[in-house]
Amino acid sequence: DPGGERVIVLGGRTRDEQTLYAIDLASGARQTLSSAESPSGWQFELAGVDIDASTRRIVVVESDSRLSTNIFEVAPDGGQRRVISGMNTPDSADAIRTPSSIALDYERQRAWVTTGRSGQIYLVDLVTGARVLMWGL
């Protein structure tokens, strides 16, 4: 967690159960940070999460097999989600399919996203949402 008092974990066995949890390190209490029911009722299939402690930014990548990948910023307190990059955000160029992980480059405000099946690597601008295929077909 950006504050260092919680750990942020992904959980859920099915698409309907996908949840981003915040677990208090002192008490062990688990809080639902973001899920299909909270705060927006917007389902997502989580593939990875990374955190920028200096800006308190939580970034998740989802893998929706029916559509394309969205990269969200999740508010560390209320769990509200904002799409940074997606199928048509900012455009449809270099859409990412079936991601397996995300890693933030905090200083340059970008994210590296890898895909599981095809082994591709994408670079995503966290300010504009633009994606570039860096490696793979």
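1. Four strands make up an open sheet, in the order 4-5-6-7 with antiparallel pairing. Strand 4 (46-52) and strand 7 (81-85) are the edge strands, each pairing on one side only. From one strand to the next, the twist averages 30 degrees, with axes taken as lines fitted to C-alpha atoms and angles running from 0 to 180 degrees between N-to-C directions. Strands here are DSSP runs (E, at least two residues), numbered from the N terminus, and two strands pair if DSSP finds at least two bridges between them.

2. This is a predicted model: local features need pLDDT of at least 70, side-chain atom pairs count only at pLDDT 80 or more, and totals for chains, interfaces and linings use all residues. Residues are numbered from 1 along each chain as its sequence is written, and side-chain values use heavy atoms, leaving out hydrogens and water.

3. Strand 4 pairs with strand 5 (residues 57-62) in the antiparallel sense over 6 bridges. The bridge partner of G48 in strand 5 is V61.

4. Strand 2 (residues 19-24) and strand 3 (residues 30-35) are also antiparallel, over 5 bridges. L20 stands opposite S34 in strand 3. The two strands form a hairpin with 5 residues between them, and G28 in the turn has a positive phi of about 85 degrees.

5. Which strand holds W135? W135 is found in strand 11. W135 is exposed, with a relative accessible area of 55% (exposed means over 50%, buried under 20%, partly exposed in between; 1.4 Å probe, protein chains only).
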